[in-house]
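Have a look at the structure first, then read on.

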Amino acid sequence: MKPVGKLIVIGGAVNKGSFAETDFDQNVEKNLNFFERGILRKIINESKLKENSVIEIITTASQIPQIVGSEYKKAFEFLGAKNVNILDIHNREEANSDAIVARANAADVVMFTGGDQLRLTSILGGTRFHDTILLKYQEQDFIYSGTSAGAAAASENMIYQGSSSEALLKGEIKTTQGLGLIDNVIIDTHFVQRGRIGRLFQAVVNNPRTLGIGLGEDTGLFIHNDVMTAVGSGLVILVDGRFIKDTNLTNINLGEPISIDNLTVHVMSMNDHYDLTTKTLTIENSQFNPIPQDR
């Protein structure tokens, strides 16, 4: 059954504290880029009550939750949102508490910030808060939005570690279970800027049923009724492994290069659509679309 809710995943802007990265920016509050008025506005417009929707900003992934939460709150309020709160869940006991569950139940939107996606799954996974979010997404007009770590954790399986430069060496990426809002995809973020296409290639060749999604910065996907629409100014890369003809994956040792024959790659930009049911891409501004008769 298709979820009633909507999913908005965003490629991120700057590193906000992931242990897998080496360029943590201590002055992140001066550099946060909200890729905004397009994508954050999209979140507000698609929410149940628009500017009156209750938005909970979940800062659990971040090492600097006070700074990140405050900046997102100001950005949403700048765009007219009237009921924006910051929810920094520190541990599993809090995630199972009546107070946190009540806030999740009252929310129309949850916005998961960047940081370390393993913090999200290890602190929130399997808790009452997690269960509430999943149920609301399945049954209600509810939005799960996430940037960077918050986007990577949205799928059933997620990449949590792996270098960009050596990602096509067997065993160089690490995956685990995510928060499970969407099946049969795996999401990587900061994709174009950090050269992570090799990470996605390896994730897909490990299980070709999985659709790889690479989100550039200032770029996201709006997912509803099994259709993904690109939003923002950058690129979305899709890696489809269903038609792989051959690979050396099972015949090489850990650390050796992977070969793949016939991997399919799609590139999406603003307003392009990808149907997850039919596995087809529609380019919004296609050069092959019929030319209007009045031109």
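1. Ground rules. This is a predicted model, so to speak of local features takes a pLDDT of at least 70, side-chain atom pairs count only at pLDDT 80 or more, and totals for chains, interfaces and linings use all residues. Residues are numbered from 1 along each chain as its sequence is written, and side-chain values use heavy atoms, with hydrogens and water left out.

2. Strand 1. Start with residues 6-10, which make up strand 1. Helices (H or I, at least four residues) and strands (E, at least two) are DSSP runs, numbered from the N terminus. Five of the five residues in strand 1 are buried, where buried means under 20% relative accessible area, exposed over 50% and partly exposed in between, with a 1.4 Å probe and protein chains only. Lys-6, Ile-8 and Ile-10 point one way, while Leu-7 and Val-9 point the other way.

3. Its partners. Which strands does strand 1 pair with? One is strand 5 (residues 143-147), in the parallel sense and over five bridges; there, Val-9 has Gly-146 as its bridge partner. Another is strand 10 (residues 219-224), which runs antiparallel to strand 1 and is joined to it by four bridges. In strand 10, Leu-7 finds its bridge partner in Ile-223. Two strands pair if DSSP finds at least two bridges between them.

4. The aromatic pairs. Searching the whole structure turns up two aromatic pairs. Rings of Phe, Tyr and Trp (its six-membered ring) pair if their centres lie within 6.5 Å; planes under 30 degrees apart count as stacked, over 60 as edge-to-face and the rest as tilted. Phe-112 and Phe-129 make a tilted pair, 6.5 Å centre to centre with 50° between the planes. Phe-112 sits in strand 4 (residues 109-112) and Phe-129 in helix 6 (residues 128-139), 17 residues apart.

5. The stacked pair. Why is the pair of Phe-112 and Tyr-144 stacked? Their ring centres are 4.8 Å apart and their planes at 25°, so the pair counts as stacked. Phe-112 lies in strand 4 and Tyr-144 in strand 5, so the pair ties together parts 32 residues apart in sequence.

6. One cluster. Phe-112, Phe-129 and Tyr-144 form one aromatic cluster. Phe-112 and Phe-129 are both buried, and Tyr-144 counts as buried at 0% relative accessibility.

7. A charge over a ring. Finally, look at Lys-42, which lies over the face of Phe-222, 4.6 Å from the ring centre. The cut-offs here are NZ of Lys or CZ of Arg within 6 Å of the ring centre and within 35 degrees of the ring normal.
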